[in-house]
Amino acid sequence: MSIVDTEVVNIKFENFIHTQKNEDLFRKAYRVNEVLKSGVLTGNEALGMISLNKLSSKVRLKEKDGYCHDVIMLGSNSYLNIANNPKVIDASIKALKKFGMGMGAVSNYAGICDLHKKLEEKIAKFYKTEDAIVFPSGYGTNVGVISALCNSEDIIINDSANHASIYDGCQLSGAKIKVYPHSNMKYLERILDRIPNETTGRLIITDGVFSMDGDIARLDKIVDLAQKYKCKVMVDDAHGIGIVGKSGRGSAEHYNVEGKIDLNVGMLSKAPGGLGGYCAAKREIIQYLRLYARTYFFSTALPASLAGGLIEVFDLFESDKAGRKELLEKTRHLKNRLFRAGFNIGTSQSAIIPVMIYDEKKLFKLYQELRNQGVYVNIVTYPATRRKECRLRLCVMKDLSYYELDKAADLIIAKGREYEII
Ligand SMILES: Cc1ncc(COP(=O)(O)O)c(C=O)c1O
C-alpha cells in the first residue's frame, strides 16, 4: 500500500522515525520517499539545493531539478562572511600547502600541529581563561564535553530551547535531565530548589544566543542561581561569539559575567566562518576533556588549513575589526522594517531574526515563493521548534547592501500580507 493512496497516514516528520511493528528496517525510508514524491508539501522537498559560487550577499543556487538562479542570501550563519576575508584565505592556503588536506590522525596521536595549539591559545585568551580545546565538529563539541563531564550520578538542567547537540550530549551522558521553559528563571530556580541534597554534580546548560530565536540567555540571573545552588554553568555561544557583547566576546560579555562561566563552548562554524568547536575553561578541565571527551579522543583532528584561517579570525575578533558593528546596524534596519510591517519577530538581540508564521502550510508555500522570487531564507519547524511556533529564520550577513535588505523586506512584507500573516 502506498502512503499516498491512504488518507489514514498522518504525514509528520516524527511518524517516520521508528520502525513500525513487523516492518522491514528500511521501509520507513521508502515511506518518506513516497511522501516526498507525492507533491504534498512537507517543507523538506526543497532542501538539498547547492551553491554555485562562494558565499556573498547574492548566491547562485542550483535547485534539485537543475534550475539555476540568484538569491539574496538571508540564510547563512557566516554572519560576517569572514571565511572570504583575504587575510583568512591567505593564512588558510599557507597552512594547506604546508600540512596538506587532512591531518590523518586524532588530536592526541600526532593529529595536530603548532597551528592547532596556537588557535587554542587564541581562544583561551579571547575568553580570558587558562586553556581551550578545539574539536573537529561543533555538534561533537557539545556531545563530547557534556558526556565526558556528566554521568548517571549527576543532574543537568537545560533551557528548553537549547540546541539538539546539547540534548544529545545529555542523553549520552546518562545524567538526570531537567528542562525549564525557555528563559524562565523562576522555573529554573524551582528545579534547582528541588534537587536532592545528595546530588553532587550539577550543571546548568544554556545556549548563549538561542539559535532559533536570536535572544540572549539571562546569564546574569543564571550565574547567581548557579552560585546559590552550587551548580556549574556551561554556555554554548555558537551564535554569540564575534557578534554580541560590547567588544564581540559573546553573551557573557553582554551581561558582564565573563569569568563566571565554567565551560565556555562555541562553534567555529558560524561567525568564525570555519568548522569545529571549542571549550574554554580552567586548565585541569581542558586536560580532562582531552582524555575523556570521546568526540575528541576518537575523531580525526581539524585540518590545519582551518586552524590557520581561524587564527586570523580570532585576531580580527580580538581587535574588533571583523565588521560586527556594520552587521548589527544592518540587522537593526531589517528588524525595524519587518516589525513596523506587523510581523512578530520575537525579541532577538543578535543577527538572527525569527519571523513567526504559526501555520506550517503557509510557511512551506511562503518559503518556496520567496526562493522562487530571489530571496533565500530558512524555514524552522518541528523538530527544531514546536510546530505551532513555526517560522522563517533570517540571518543577516554583513555583506548585504541596504538595497538588498530592502528588496528582501519588500517581498517578505508583500507575501506576508498576501497570506494574511500580517
Ligand atoms: C547553538 C548551536 N550549537 C551547536 C551547533 C552545532 O554546530 P556545528 O554546525 O558547527 O556542528 C549549532 C549549529 O547548528 C548551534 O546552532
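Here are some numbered notes on this predicted model, running from the overall fold down to single residues.

1. **Overall build.** The protein has 14 helices and 14 strands. Its radius of gyration is 22 Å, close to the 22 Å that the globule rule gives for 422 residues, so the protein is as compact as a globular protein of that length. Along the principal axes, the C-alpha atoms fill a box of roughly 55 × 50 × 45 Å. Of the 422 residues, 46% are buried. If you look at contacts with a separation of 6 or more, 70% of them join residues 24 or more positions apart.

2. **Two domains.** The chain is divided into domain 1 (40-80 + 323-418) and domain 2 (84-318). Their C-alpha centres lie 27 Å apart. Domain 1 puts 20 residues into the contact and domain 2 puts in 17 residues. On the domain 1 side, β11 gives the most, with three residues.

3. As background, nonpolar side chains in soluble globular proteins tend to be buried together.

4. **A closer look at L74.** Leaving aside neighbours within four places in sequence, L74 is in contact with V375, Y376, V377, L394, C395, V396 and A408. One of these, A408, is among the buried residues of helix α14, the subject of the next point.

5. **Helix α14.** This helix covers residues 402-418, and its 17 residues should span 24 Å at 1.5 Å a residue; the end C-alpha atoms are 24 Å apart, which agrees. Buried in α14 are E404, L405, A408, A409, I412, K415 and G416. Seen down the axis of α14, these residues fall within an arc of 135°, so they line one face of the helix. An α-helix has 3.6 residues a turn, so residues three or four places apart point the same way. Y402, Y403 and R417 are exposed on the other side of α14. The cover over the buried residues includes β3 (68-73), α12 (324-341), β11 (352-356), α13 (360-372) and β12 (375-376). After the helix comes E420, with a positive phi near 55°.

6. **Helix α5.** Which residues of helix α5 (residues 164-173) are buried? They are S165, I166, G169, C170 and S173. Down the axis of α5 they fall within an arc of 145°, so they too line one face of their helix. Among the elements covering them are α4 (138-149), β5 (155-159), β6 (176-180), β7 (202-207) and β8 (232-236). Just after α5, G174 has a positive phi of about 80°.

7. **Helix α1.** The 12 residues of helix α1 (residues 27-38) should span 16 Å at 1.5 Å a residue, and the end C-alpha atoms are 17 Å apart, which agrees. G39 follows α1 and has a positive phi, near 95°.

8. T295 lies in helix α10 (residues 294-297). Is T295 buried or exposed? With 22 other C-beta atoms within 10 Å, T295 is buried, as the cut-off for that is 20 or more. T295 and Y139 are 156 residues apart in sequence, yet their C-alpha atoms are 9.3 Å apart in space. Not counting residues up to four places away in sequence, T295 touches F135, S137, G140, V143 and G144.

9. **Backbone details to check by eye.** Most residues other than glycine have a negative phi, and most peptide bonds are trans. A cis peptide bond joins Y382 and P383, with omega about 5°; P383 sits in the loop between β13 (378-380) and β14 (391-395). A110 is not a glycine but has a positive phi of about 65°. A110 is in the loop between α2 (86-99) and α3 (114-127), and with 11 C-beta neighbours inside 10 Å it counts as exposed. K230, also a residue other than glycine, has a positive phi near 55°. K230 is found in the loop between α7 (219-228) and β8, and it counts as exposed with 11 C-beta neighbours inside 10 Å.

Notes. Residues numbered from 1 in each chain as written. Helix = DSSP H or I, 4+ residues; strand = E, 2+ residues; numbered from the N terminus. Expected span 1.5 Å × (residues − 1). Buried ≥ 20, exposed ≤ 12 C-beta atoms within 10 Å, placed from the backbone. Arc of directions from axis to C-beta. Contact = placed C-beta atoms within 7 Å. Rg over C-alpha atoms; globule rule 2.2 N^0.38 Å. Domains from an automatic or database assignment.
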